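Please read the following report alongside the sequence and the structure.

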Amino acid sequence: MREKYYLTTAIAYASGKPHIGNTYEIIMADAIARYKRMKGFDVFFQTGTDEHGQKIEEKAKKANMEPQQYVDKIAQEIRNVFDLMNVSYDKFIRTTDKDHELQVQKIFEKLYKQGDIYKSEYEGWYCTECEAFFTDNQLVDGKCPDCGREVHREKEESYFFRMSKYANQLMEYIESHPQFIQPESRKNEMINNFLKPGLQDLCVSRTSFKWGIPVTFDPKHVVYVWIDALSNYITGIGYDCDGNSSEQFNKYWPADLHLIGKDIIRFHTIYWPIMLLALGLPLPKQVFGHPWMLFGEDKMSKSRGNVIYADDLVHFFGVDAVRYFVLSEMPFAQDGSITWQLVMERINSELANVYGNLVNRTIAMTNKYFNGQLTDPDCFEELDQQLIDTCKQTVTKYYEKMDQLRVADAIDAVFDLLRRSNKYIDETSPWTLAKQPENKARLNTVLYNLLESIRVASVLLTPFMPETSKEVFRQINTEKTDFASIETWGNYEKNNKVVENTNVLFARVDEKKTMDEIMQYMESKAEVKTTFKEEVSIEDFDKLDIRIGTVMDCQRHPKADKLLVFDIKCGSDRRTIVSGIAQYYQPEDLIGKKVAFIANLAPRKLRGIESKGMILSAEDAKGNLEVVTVDKVEDGADIR
């Protein structure tokens with residue numbers, strides 16, 4: 001019986017279309033799944049969408065849609081992107097699937113009945129974007145420590161999961177399973193930053209919004225994201241909380257690999273394992289927190305306008321070129337980088353020059369000198385053995401790197417073989433051999449070796465660029481396309497006739513011309529969409545006391561680099577306001593300015609300094625920020 005391999009990605013949050021940084025994960029998972037299938041594993045590859053929560057409820061409202069209608073739309077957009085990138089998933093789960101919702105309710109009720117969940121009250125700073133609560137000490141410059149956005153104070157009745165009950169058991173598992181959390185740096189972070197200081201109980205229900213799975217025994221509560229979203233890894237393969245799980249679940253669980261972004265590793269290596277321990281289920285064999293794909297040196301953000309989408313890249317460069325770039329660019333433990341220019345450079349230097357050129361030259365010479373058909377090679381020299389040894393070493397190294405999830409390193413090994421094959425052409429000079437009839441046997445051997453090395457490399461590249469490999473196999477006319485066929489040298493079929501007219505695998509990109517086309521294309525797609533918050537009455541607006549104040553003094557916050565501390569004069573009133581705009585202004589540039597601020601906002605302490613108000617500023621989609629100022633009116637004037 002074949003060994004099973006159950007692989008999952010984090011389910012995509014159904015709040016909007018994923019950019020290439022989000023899409024990288026599913027492409028990497030697909031490469032691993034294809035590799036494991038070629039190695040003979042019985043693979044089950046699951047992905048999907050996380051569709052509940054306050055943020056989605058609010059986005060649906062802004063779009064004048066019901067939440068279910070909204071997530072149906074976004075889930076299809078996400079699936080379209082995955083399908084476009086030729087992802088071979090076996091299951092696409094949605095957390096609005098009825099069978100998933102039923103099991104989540106059963107799981108919540110079971111954990112409650114066995115005393116792992118209890119009702120209490122929570123008060124803290126809440127980030128809607130991250131759907132997470134934070135304490136005063138966890139905030140950074142008064143904002144969310146994860147995404148940097150504004151937080152707001154919330155107090156509500158909630159159910160809590162007793163995390164500390166299972167902390168020692170989890171620590172023992174992590175220490176006895178060194179491969180459980182990868183890379184190693186992520187494991188150290190979880191142990192030192194979360195487990196050793198002591199786990200706080202986890203909020204697992206909400207009452208402040210309705211778009212979620214109702215708690216069966218207390219329906220004013222909905223199940224919070226952690227139990228809902230994380231449990232997809234078991235509900236998607238047929239887990240039943242009553243003990244009637246499917247044959248598929250019994251076959252594939254525990255998962256062999258949860259592939260996730262490094263920003264959610266805490267949830268998958270602490271919260272999720274503890275839930276499984278409470279349910280009496282085995283823990284996943286490995287959680288790999290991959291790095292981020294950055295835009296240049298910055299994290300991609302729609303508000304910054306530095307987002308690239310997979311379908312736009314495919315429009316210009318094709319699916320396999322995009323798959324190749326993101327997989328080869330992402331190191332094992334450090335962030336990768338993407339820009340339009342980088343993609344074009346890599347296509348030209350590697351896909352066109354190294355791979356495509358090798359295939360085109362070899363087939364062209366085979367057609368020119370042998371009418372496309374080679375016989376048994378029988379004239380070997382030392383140079384040939386060097387190429388053969390490189391090929392064998394490449395296969396070994398490739399397996400080793402792929403089994404370690406070092407995908408970029410595996411790709412590098414294959415391209416080293418392709419570069420060695422190009423060098424072999426220069427060393428053997430087939431065009432010179434072709435001039436002497438007595439060297440025909442030698443020329444036949446040289447070209448056979450090249451076709452064989454191309455075949456081996458293309459088999460190894462199949463998990464990354466499946467359609468390109470398929471095209472290469474067609475052009476060199478081989479049916480030997482599995483791993484078994486490359487573990488010994490010389491399995492390219494003799495007397496097979498290569499195609500007469502090859503399609504160029506990867507055309508060189510005119511970088512300047514293409515960049516101009518990209519700019520025109522992006523401009524033609526861009527639509528300036530102005531969205532507004534829900535309507536308010538004039539009475540609601542009148543509750544805000546918006547005033548003009550003169551900046552008498554402005555200093556950097558002594559304990560926070562991002563904060564400025566303002567001394568504001570507003571008529572006879574003087575007050576201190578703390579604002580997180582230090583990255584946009586030098587303090588001295590604001591002294592003497594007349595700024596607009598909200599005067600009746602409840603005071604709050606920011607890094608030890610009480611702030612009594614909020615200075616108004618405007619920020620555009622490109623991340624430009626400007627404080628709202630006036631010239632003529634006196635300070636103390638109100639904005640109506």
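## Thr375 and its surroundings

In this predicted model, Thr375 touches Asn444, Lys494 and Asn495, when residues up to four places away in sequence are not counted. Thr375 itself is found in the loop between α13 (340-370) and α14 (382-403). Although Thr375 and Asn496 are 121 residues apart in sequence, their C-alpha atoms are 8.6 Å apart in space.

## A patch of negative charge

On the surface, Glu345, Asp510, Glu511 and Glu517 gather in a patch of negative charge. One of these residues, Glu517, is found in helix α19, which covers residues 511-525, and because its relative accessibility is 35%, Glu517 counts as partly exposed.

## The chain as a whole

The chain has 21 helices and 26 strands, and its C-alpha atoms fill a box of roughly 105 × 65 × 45 Å along the principal axes. Of its 640 residues, 55% count as buried, while the accessible surface comes to about 29400 Å², with 47% of that belonging to carbon and sulfur atoms.

Among contacts in the chain with a separation of 6 or more, 75% are accounted for by residues 24 or more positions apart. As for charge, the chain holds 82 positive and 98 negative charges, whose mean positions are 1 Å apart.

Note on methods:
Residues are numbered from 1 along each chain as its sequence is written. This is a predicted model: local features need pLDDT of at least 70, side-chain atom pairs count only at pLDDT 80 or more; totals for chains, interfaces and linings use all residues. Side-chain values use heavy atoms; hydrogens and water are left out. Helices (H or I, at least four residues) and strands (E, at least two) are DSSP runs, numbered from the N terminus. Buried means under 20% relative accessible area, exposed over 50%, partly exposed in between (1.4 Å probe, protein chains only). Contact means heavy atoms within 4.5 Å. Accessible areas come from the Shrake-Rupley method with a 1.4 Å probe; for residues, only the protein chains shown count as cover. Lys and Arg count as positive and Asp and Glu as negative; His and the chain ends are not counted. The place of a charge is taken as NZ of Lys, CZ of Arg, CG of Asp or CD of Glu. Patches are made of residues with over 30% relative accessible area and no salt bridge: like charges are joined within 9 Å, nonpolar side chains (Val, Leu, Ile, Met, Phe, Trp, Tyr) within 5 Å. A salt bridge is a side-chain nitrogen of Lys or Arg within 4 Å of a carboxyl oxygen of Asp or Glu.
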